[in-house]
Amino acid sequence: MFDSFIPPPDTRGPLTWNSFTLHVLPSLFLYHLTAYLVQIPGTLLIRLALLPAALWSFFQTTTRIDLVHGFPNRDVLVYINQGLSLSMVVAALRCITWSFQRRPYERLYRIPGIEKNKEPNRLWDTLDLLVNLRGHGWNWSRGIKIPQEYRQTHSRTAFLLKTSVDLLVNLLISDHLHWVVQWFGPTTIGDPLGGTIHDHTLPPTQNLLRLIFISLLSGLTVCSSMQAAYHALTLLGVGIFNQHPLQWPPMFNSPWLATSVTDYWSMRWHQLFRDIFVSVGGNPFYMLLGRAGGVMGAFLISSILHDVGLWGMGRGSEFSSMGGYFLVQGLGIILEHTWKYFTGIRVGGFAGRVWTFIWVVVWAPVIVDAWCRKGLCASAFYPHEFRPSYFTLGPLPLPPY
């Protein structure tokens with residue numbers, strides 16, 4: 001979908017001082033400015049006037065910058081461009097949300113040792129707002145489901161030590177899971193040129209089980225990788241910028257314990273993008289089509305976000321797969337609401353766990369296969385000889401690059 005109205009990805013250029021000032025700097029400036037203005041009463045018209053320029057700058061950054069341009073091993077590093085594209089879409093969606101906000105955002109300052117001053121520190125509040133995607137500690141995040149903290153927050157040293165251990169554990173887990181996924185097809189799944197996760201030489205039942213298992217491992221890889229990145233940012237925020245541990249609550253809430261599709265997506269999977277999905281997609285579609293429209297609208301925005309991220313790798317987008325998976329997840333939530341409406345029984349318990357696994361994981365090959373065919377699963381996060389799995393499971397016969 002994204003390919004039809006943008007320049008070809010191979011027209012993107014390297015990040016230079018000129019391209020930074022021309023394409024990246026305006027995005028950063030307008031993102032910061034909008035975050036600042038949304039805290040100031042009476043700035044609604046200013047924010048609305050700035051919005052077109054902000055959206056255009058995010059579009060330019062996404063379509064003009066190639067962060068791995070000229071790298072000798074760029075084929076296994078294109079996930080960095082995917083991250084850039086995802087970041088720009090998130091920034092655009094947040095600016096849309098902020099631009100239409102009528103009530104100014106306010107910090108609640110419900111953190112021990114931090115009291116709300118008569119004159120808030122707009123600079124620090126703006127910086128917090130820029131990176132605080134879930135909005136904990138702000139007046140706009142009511143209803144967000146924050147997982148229960150499991151680390152000691154009264155001791156900064158203990159908190160940092162536990163987070164460091166969790167970072168190391170998730171790095172090890174994610175790399176070993178990634179190794180196993182690549183092991184299923186070192187010359188296809190593990191090839192930067194991409195390859196399908198289907199094995200048509202197998203009987204249909206065995207092929208289906210293979211697809212489900214690879215998709216399950218891929219999902220766990222994504223989960224552990226995101227947690228590792230979040231732990232690293234936590235160490236930076238608390239250890240370097242002296243933020244309070246309570247400002248960095250856990251990211252995931254044991255998604256494998258979900259008892260319904262609703263429970264999985266609304267409480268247990270990370271809630272980083274909940275606000276923008278609901279604000280830009282859920283609320284408008286709710287007003288037009290009711291509750292079902294609100295659910296599908298939120299997942300539509302999620303579909304677009306992931307499709308643009310896939311495009312960022314430089315190998316085209318695939319909305320039928322990206323959108324297909326997430327829109328089906330919205331359908332699962334609607335089916336649960338319909339079941340409760342007619343039976344009075346909420347989906348849950350052991351049967352709910354089985355149902356959730358089937359709906360979330362059995363549909364997952366749709367999106368995982370697209371990722372693998374675009375070469376995402378061949379991404380290299382370490383030099384091969386320094387991968388943790390290299391020392392425990394051995395090298396994979398990966399194609400040279």
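**Exercise 1.** Is F252 buried or exposed, and what is its relative accessible area?

*Solution.* This is a predicted model, in which local features need pLDDT of at least 70 and side-chain atom pairs count only at pLDDT 80 or more, while totals for chains, interfaces and linings use all residues. Residues are numbered from 1 along each chain as its sequence is written, and side-chain values use heavy atoms, with hydrogens and water left out. F252 has a relative accessible area of 7%, and F252 is therefore buried (under 20% relative accessible area, with exposed over 50% and partly exposed in between, for a 1.4 Å probe and protein chains only).

**Exercise 2.** Determine how many aromatic pairs the model holds, and classify the pair of F252 and W269.

*Solution.* Rings of Phe, Tyr and Trp (its six-membered ring) pair if their centres lie within 6.5 Å, and planes under 30 degrees apart count as stacked, over 60 as edge-to-face and the rest as tilted. By this rule there are 21 aromatic pairs. F252 and W269 lie 4.8 Å apart, centre to centre, with 75° between the planes, and the pair is edge-to-face. W269 is also buried, at a relative accessible area of 15%.
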